[in-house]
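Look over the model, then read on.

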Amino acid sequence: MKTTARIKRLLLTARAVSAAMAAALALTLPACDRSSEPRFGNEGGEEATSTIARLKSLCTGECTPVTADITVGGVVTANDLYGEFHKTLVIQDESGGISIAVDGAELYVDYPVGAAVTVYCNGLTLCDYGGKVQLGTAPADAYGAGRIPHAELGRYLRVSGDGENPLRPAALTFGEIGPRHIDTYVYFNGVHFAETGNWCDTDPETGRPVTTERLLADGTGRTLPVRTSGTCTYATEPVPQGTGSIYGVIDYFNGKYTLRVTNREIDFATGAGLPTAYP
């Protein structure tokens, strides 16, 4: 009888120790599993919605893989409709903008300017290229984020709407441009091109347009380079003369800001372009 009672006591003690160990393990494992993941106030493991600015802040080195179920929503502000943003989409929300590298052409068909887009970031990579954070895949070279394969776009980008509600650009002066404006949609009034010539120079060997910068000037004499891709459909046309307004996305590389025209929105006194409804 004494032996039986002793066995019962040992069994009860063993069960108590096992329960305590299991409880301790349950408390420890979730913290270990999630210690390297970004936190957005969602501890249930469900999809967490972030702002673009907060997503960009996760890029803590040259490249940072996104390993948590994070989504961001925004509006398309630039695409390849006029060849201005080759294999690139730019989206923006109230907090800022970001460029997305895409391995595809005619992106404007599925991702028109003004369309609302949700980006599912898990599995993508944030890359700091010259001080500007981009979103794409792991880089294949030294030129920023790799491009998302066209066949996988549906996995990461979902569109709602067809561009009927375009984002209103922010009115800026050259002196106001700062880090928060990188990859955001803006416009400048009362400006003119300080030089003549076509939007892009021509490679003397191939005869093809090459990416070129032309200086834009304001009424105070300050200047801002306008950077135009050689893939642009109006690359061989002359830059407009006269004074007017120009719309685009602020770009940045190694301490230098430039403007990249989006959707061919140029409204000059004697220049070509698409008139806009903005003041």
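A residue counts as buried under 20% relative accessible area, and as exposed over 50%. The model is predicted.

Q: Is Cys200 buried or exposed?
A: The cut-off for burial is under 20% relative accessible area. Cys200 has 3% relative accessibility. Cys200 is therefore buried.

Q: How many disulfides does the count come to?
A: A disulfide needs two cysteine sulfur atoms within 2.5 Å. The sulfur of Cys59 has its closest cysteine sulfur in Cys127, 6.5 Å away, which is too far for a bond. Cys200 is in no disulfide either, as the nearest cysteine sulfur, that of Cys232, lies 6.2 Å away. The count is 0.

Q: Which elements give two or more residues to the lining of the largest cavity?
A: The search of the whole structure finds 1 cavity of 30 Å³ or more. Its volume is about 50 Å³. The lining includes Arg227, Thr228, Arg260 and Val261. The elements asked for are β16 (223-228) and β18 (256-268).

Q: What is the division of the lining of the largest cavity into nonpolar, polar and charged residues?
A: Glu84, Phe85, Ser229 and Tyr234 are among the lining residues. By class, the lining divides into 3 nonpolar, 2 polar and 3 charged.

Key: Residues are numbered from 1 along each chain as its sequence is written. This is a predicted model: local features need pLDDT of at least 70, side-chain atom pairs count only at pLDDT 80 or more; totals for chains, interfaces and linings use all residues. Side-chain values use heavy atoms; hydrogens and water are left out. On a 1 Å grid over the protein atoms alone, a cavity is a set of points where a 1.4 Å probe fits but cannot get out, and a pocket is an open set with protein on both sides within 12 Å along at least five of seven lines; lining residues have an atom within 4 Å of a point. Grid points are joined across faces, edges and corners, and a volume is the space filled by probe spheres set on the points. Helices (H or I, at least four residues) and strands (E, at least two) are DSSP runs, numbered from the N terminus. Ala, Val, Leu, Ile, Met, Phe, Trp, Tyr, Cys and Pro count as nonpolar, Asp, Glu, Lys and Arg as charged, and the others, Gly among them, as polar. Buried means under 20% relative accessible area, exposed over 50%, partly exposed in between (1.4 Å probe, protein chains only).
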